[in-house]
Amino acid sequence: NEEPQGFVCVPEIRVEDDRTGLDIETLKRAFADNLFYIQGKLGSMATPNDYYMALAYTVRDRLLQRWLNSAQTYLRGDVKVVCYLSAEFLLGPHLGNNLINLGIYDRIEQAITESGLDLQELIAQEEEPGLGNGGLGRLAACYIDSLASLEIPAIGYGIRYEFGIFDQEIQDGWQVEITDKWLRYGNPWEIARPEIAVEVKLGGYVDHYVDDAGNYRTHWIPDREVHGVPYDTPILGYRVNTANTLRLWKAEAPESFDFQAFNVGDYYGAVDAKISSENITKVLYPNDEQVQGKRLRLEQQYFFVSCSLQDMIRLYLLENPNLDNFHETFAVQLNDTHPSIGVPELMRLLVDEHHMAWEQAWQITTHTFAYTNHTLLPEALEKWSVQLFGRVLPRHLEIIYEINRRFLDMVRIRYPDNDAKLASLSLIDELGKKSVRMAHLACVGSYAINGVAQLHTELLKKDVLHDFYALWPEKFSNKTNGVTPRRWVVQNNPGLSKLISRKIGDRWITHLDELRKLEQFADDPQFQAQWQQVKQNCKHQLTKQIKERTGVVVDPTSMFDIQVKRIHEYKRQHLNALHIITLYNRLKENPDLDLQPRTFIFGGKAAPGYFMAKLMIKLITSVGEVVNNDPDVRDRLKVVFLPDYNVTNSQRVYPAADLSEQISTAGKEASGTGNMKFSLNGALTIGTLDGANVEIREEVGAENFFLFGLTTPEVKEQKANGYNSWDVYNANPGLKKAIDMISCGFFSHGDQQLFKPLLDSLLYDDKYMLFADYQDYIDCQDRVGDAFKHKDAWTKMSILNTARSGKFSSDRAIREYCQEIWQVEPVPIELQEYVQANA
Ligand code: CBF
């Protein structure tokens with residue numbers, strides 16, 4: 001089955017070998033055909049993008065048989081399907097990944113070379129679909145890769161944003177946002193399916209009436225309707241026949257509305273209606289861990305959730321007479337609270353549209369949804385003002401009130417005469433401006449609730465969702481995040497992959513625990529030399545990139561000390577900057593100091609409205625400007641801010657890291673996944689006991705991890721005891737000097753005002769305890785510097801980090817979700833059956 005030949009898909013019309021064959025000649029011919037027939041170009045006129053498109057179609061053709069077979073198999077009544085609902089899928093480029101998963105990378109490389117082109121150049125043409133902000137969206141992408149690779153029937157449902165996360169430029173050291181036009185040259189990976197578009201209502205009012213048969217009925221009369229058109233992308237598993245579907249919804253104006261307006265001569269009204277409908281999926285909100293409560297955002301959430309649930313119901317009714325056992329066919333995972341409007345929406349669809357009794361509908365709903373929480377930050381917990389909610393979704397507000405009424409009746413029985421309990425559990429926050437608490441809605445409407453790392457889950461149980469845990473302890477579990485080894489090792493670090501596979505075979509790619517077999521070679525000088533060589537090559541490549549993209553020349557033999565992630569105060573990039581200033585001061589005091597040369601590499605976007613985060617970027621670039629140009633430093637320290645950190649750019653970064661900075665305040669980072677990618681690629685971590693760092697340290701061993709900083713209880717205790725950062729500043733000369741230099745304009749050409757907001761927040765509040773952790777961080781960094789001088793010992797630690805990172809595969813995480821939450825089994829896809837069935 002490895003090489004399916006031409007098969008019959010419509011009686012008497014054969015799909016030719018050119019679209020399925022995998023031999024070099026057929027691949028070359030298919031590539032040339034696509035350039036001619038799809039791009040409409042001859043080689044002499046083709047742009048690099050034309051070549052990329054022709055290749056992408058060549059590869060997509062080869063996914064289609066698997067994709068259609070998978071879709072057909074899932075329609076069988078006995079298959080349980082996971083539906084992963086996520087407002088974000090940060091996919092990264094498809095081409096390289098599909099080549100690897102299909103197992104045709106080498107053949108395509110040969111075909112492209114023989115066609116006189118360079119595969120890497122074509123791969124680099126792809127505009128990545130940046131349909132996410134950071135960790136949460138990227139996790140969704142890793143999970144759909146693992147679902148397919150584990151042969152689990154699954155559909156990813158989300159939003160086809162016309163503009164994804166903005167592109168970042170750095171101008172004069174500041175972040176500048178540029179619109180992401182990822183669709184400008186077309187997207188060869190998706191197929192629009194307008195024939196199964198759905199209608200979504202918005203606004204208006206609700207009518208209650210009794211029908212002729214005496215039944216109490218509800219009619220929602222919207223003031224707007226929007227068309228949801230699905231765009232499907234195949235998600236191929238690694239070396240399996242499973243190709244699942246990522247179905248992203250685009251909002252369009254329904255024609256009927258245009259006509260209505262045209263008929264009454266309101267041309268501009270019709271145009272406005274069209275524009276406002278299409279706005280819903282125009283742009284991704286670029287906020288990470290921060291909610292803004294914007295109406296359009298609520299509309300986006302409702303739009304994609306309603307489309308998705310309607311789609312599931314349509315699929316279900318193809319095989320079933322009624323919806324009584326809907327929950328036995330679909331396990332719907334809510335990726336954070338963004339899709340939690342699904343709870344009242346499924347109730348509305350079942351009760352209002354399919355006339356099911358409330359109790360039965362509730363039974364089905366609460367056996368359908370499971371909820372993953374991804375954050376402990378209070379500002380990231382979604383709440384919608386009741387007023388806004390009622391205006392956009394009047395029927396859902398009624399349903400939420402009814403769910404709440406019944407829920408609070410149950411709470412009253414459990415906690416009699418306890419108004420405080422009622423208030424703290426209620427779906428409605430009555431304090432101040434009334435609002436709907438989406439996390440509470442998700443908890444009440446789901447049969448399972450999970451956190452994304454052990455510590456995070458414990459803190460949810462103890463703190464953020466404590467009252468729900470007390471009520472339903474059996475609903476709670478932990479599912480530590482994971483990342484796909486296909487993209488994050490095989491694709492981004494081919495040198496390391498080959499070295500590992502030569503040593504232990506290639507089963508690790510799907511069974512990451514097998515990396516443990518590398519432990520036995522950790523002391524082997526020959527293996528260490530090869531390991532160092534691979535790392536060095538990756539550092540050389542990144543060095544070239546840095547030069548091209550920033551103009552900064554760095555020394556690839558220096559320690560690459562890297563912090564790449566969204567810019568946020570709790571992630572503490574400014575603590576890293578304080579360390580750089582401290583080292584700089586040491587060099588200024590003693591220019592002959594024996595200092596381990598380091599290259600500090602930063603990357604990450606700040607939410608456009610998050611001033612403090614933008615100022616943090618300016619601080620880093622300003623420190624870089626001084627340090628990089630001071631002759632006393634003699635190139636021993638370099639600071640680089642890599643612009644436009646995205647999936648594509650990150651793929652070059654992880655393999656080149658010596659040191660991974662995971663320095664968030666303990667108790668703030670839910671898990672982190674970058675930390676896993678670094679460790680898997682052989683970087684050592686300097687980190688706090690936060691998120692999944694705790695488990696990484698447990699796995700790789702305390703001796704292979706640089707730990708510093710307060711623990712979560714210590715942070716709490718210090719705050720309770722009146723922590724005062726001003727006192728720490730006054731008591732610590734190194735810290736004081738660094739802060740004073742920033743304050744007096746040393747890094748800002750004498751401007752003493754520039755960084756004042758950042759400094760004031762540290763000196764008078766220090767919510768994220770930078771000063772409290774400063775000295776421990778510096779001391780720990782000194783240990784890192786010393787350790788790096790001992791190449792062999794460092795290499796051993798690096799090998800052990802990779803060898804012991806097997807736990808952090810998204811395959812492991814998805815297996816846990818399948819067994820412990822979704823109760824789903826793999827369904828291998830048989831290619832032959834399909835060919836025969838249609839023949
Ligand atoms: O669970 C995935 C990631 O989600 C976040 O990015 C989020 O958006 N809430 C968290 O901040 C990460 O800790 C987490 O790894």
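Biologist: How do the residues of the shell around the ligand divide into nonpolar, polar and charged?
Modeller: In this predicted model, the shell around the ligand consists of four nonpolar, nine polar and three charged residues.

Biologist: And which residues come nearest to the ligand?
Modeller: Of the 16 residues around the ligand, the nearest are G135, L136, H374, A670 and S671.

Biologist: Which domains does the shell draw on?
Modeller: Domain 1 (77-93 + 128-480 + 820-838) and domain 2 (516-808) each contribute at least three residues to the shell around the ligand.

Biologist: How far apart do those two domains lie?
Modeller: Between the C-alpha centres of domain 1 and domain 2 there are 36 Å, and the contact takes in 36 residues from domain 1 together with 31 residues from domain 2.

Biologist: Which elements supply the side of domain 1 that touches domain 2?
Modeller: At least two residues each come from α7 (135-149), β7 (167-171), β8 (174-178) and α18 (454-464), and the residues of that side of domain 1 divide into 13 nonpolar, 16 polar and seven charged.

Biologist: Changing topic, at what angle do α2 and α5 cross?
Modeller: The axes of helix α2 (residues 24-37) and helix α5 (residues 105-114) cross at roughly 60° and come within 9 Å, which makes α2 oblique to α5; the crossing in which α2 passes α5 is right-handed.

Biologist: Which residues meet there?
Modeller: From α2, I24, L27, K28 and F31 meet R107, I108, Q110, A111 and E114 of α5, and the residues of this contact divide into five nonpolar, one polar and three charged.

Methods: Residues are numbered from 1 along each chain as its sequence is written. This is a predicted model: local features need pLDDT of at least 70, side-chain atom pairs count only at pLDDT 80 or more; totals for chains, interfaces and linings use all residues. Axes are lines fitted to C-alpha atoms, for helices over the stretch in contact, and angles run from 0 to 180 degrees between N-to-C directions. Helices (H or I, at least four residues) and strands (E, at least two) are DSSP runs, numbered from the N terminus. Angles under 35 degrees count as roughly parallel, over 145 as roughly antiparallel, 65 to 115 as roughly perpendicular and the rest as oblique. A crossing is left-handed if the near helix is turned anticlockwise from the far one by less than a right angle, and right-handed if clockwise. Two residues are in contact if their C-beta atoms, placed from the backbone, lie within 7 Å. Ala, Val, Leu, Ile, Met, Phe, Trp, Tyr, Cys and Pro count as nonpolar, Asp, Glu, Lys and Arg as charged, and the others, Gly among them, as polar. A residue is near a molecule or strand if its C-beta atom, placed from the backbone, lies within 6 Å of it. Domain bounds come from an automatic or database domain assignment.
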